[in-house]
Amino acid sequence: MILAATHCVSSAPTRPTRKYSRRNHVLSKLNPLSNINDSEATSKADEGRRRRCECFNLYNKLVPYGEAWAWQKSIVEKKKALVQENRDYSDTVIILQHYPVYTLGTRSSKEYLNFDIKDPPYDVYRTERGGEVTYHGPGQLVMYPIINLRYHKMDLHWYLRALEEVVIRVLFSTFSIKASRLEGFTGVWVGDQKLAAIGVRVSQWITYHGLALNVTTDLTPFQQIVPCGIRNRQVGSMKGLLGEFLSSGRCGTADTLHSDDCQLIDIAYNSLIKEFAEVFQLELYHKAISTLELVKEELSSSQFGKLIFER
């Protein structure tokens, strides 16, 4: 099936509607060489207390895409109301895995689908994020930061580079994999393999959607699409790279190289939230949510999407 969002995103103001305290920390000078290091970061004592961030940890759960999508938009709408009341005191991040699904951005072209749109191998959603078609599935860590850029930096390009920085740090600090950006594209690469895809939406300076990192992902479903609309590049996974590096003797420790898939997901998740908190200078507070609560969120947010095609 294909699902599409109704237009519920208003244009972002060029300046905040009221005065906010914004910190001038290390991220204001992110660059493509990824040369930021922890010694450059400003201490808590210098910056004051870090902004609070509620972390919904479902990284070892498979969540249907429609439920997670509706949940994000419900949080965004609540945050907009809190902004108007000057009570927006925290950011949010959701980390999970999805059942197999293809998603398209708001302007994605069907020419990048290698299957009949009327008979797709998996559900297909058209969303309001940027970017072209991608695949989500088991073994892929998906991070949805819902943050108010008024408290960070009101610059979408900065935000995209910051998300890339998170993944670059994860790959190097935990797995000794040297990743990089690729000029002209969004995402994180190791050689000609793309390990992390990024597609976001910003509404009134509040972000949603986010990044997807291939950890132990089965890459076969990517063959049914042209991932991110890039024809001359491959998609890779951390598991695949660690196997290559192990055989060449170039990478890693015994703990990471001999982990099974679940352990590798655990290690990658712990590194991901650590680096996310450091890059964005956030204090994480872990919160639990049940599947039943997710269903309630989806039902309450049903006005955000409608079924336009059913196989």
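This note sets out numbered points on the predicted model shown above.

1. Basis of the model. The structure is a predicted model, in which local features require pLDDT of at least 70 and side-chain atom pairs count only at pLDDT 80 or more, while totals for chains, interfaces and linings use all residues. Residues are numbered from 1 along each chain as its sequence is written, and side-chain values use heavy atoms, with hydrogens and water left out.

2. Overall composition. The protein has 7 helices and 13 strands; these are DSSP runs (H or I for helices, at least four residues; E for strands, at least two), numbered from the N terminus. Of the 311 residues, 53% are buried. Here buried means under 20% relative accessible area, exposed means over 50%, and partly exposed lies in between, with a 1.4 Å probe and protein chains only.

3. Surface and contacts. Among contacts (heavy atoms within 4.5 Å) between residues at least 6 apart in sequence, 78% join residues at least 24 apart.

4. Salt bridges in general. Side chains of opposite charge can pair when their charged atoms come close. A search of the whole structure gives 15 salt bridges, each defined as a side-chain nitrogen of Lys or Arg within 4 Å of a carboxyl oxygen of Asp or Glu.

5. Asp88 and Arg51. These two side chains form a salt bridge with an N to O distance of 3.3 Å. The pair links distant parts of the chain, 37 residues apart: Asp88 is in the loop between helix H2 (65-84) and strand S3 (90-98), and Arg51 is in strand S2 (residues 51-63). Asp88 is buried at a relative accessible area of 3%, and Arg51 is also counted as buried, at 10%.

6. Lys73 and Glu128. In this salt bridge the closest N and O atoms are 3.9 Å apart. Lys73 belongs to helix H2 and Glu128 to the loop between strand S5 (123-126) and strand S6 (134-136), so the pair ties together parts that are 55 residues apart in sequence. Lys73 is buried, with a relative accessible area of 3%, and Glu128 is buried, with 6%.

7. Glu165 and Arg169. The closest N and O atoms of this salt bridge are 3.3 Å apart. Both residues lie in helix H3 (residues 156-175); because they are 4 residues apart, about one helical turn separates them. Glu165 and Arg169 are both buried. They also belong to a network of salt bridges that links Arg161, Glu164, Glu165, Arg169, Arg181, Lys274 and Glu275.

8. Strand S10 (residues 206-214). All 9 of its 9 residues are buried, so the strand is largely enclosed by the rest of the structure. Strands pair if DSSP finds at least two bridges between them. S10 pairs in the antiparallel sense with strand S7 (residues 140-146) over 4 bridges, with Gln140 opposite Asn214 of S10. Strand S9 (residues 193-203) also runs antiparallel to S10, joined by 8 bridges; here Ile198 has Leu211 as its bridge partner.

9. Positive phi angles. In the hairpin of S9 and S10, with 2 residues between the strands, Gln204 takes a positive phi near 50°. Asn86, although not a glycine, has a positive phi of about 60°; this residue lies in the loop between H2 and S3 and is partly exposed at 44% relative accessibility.
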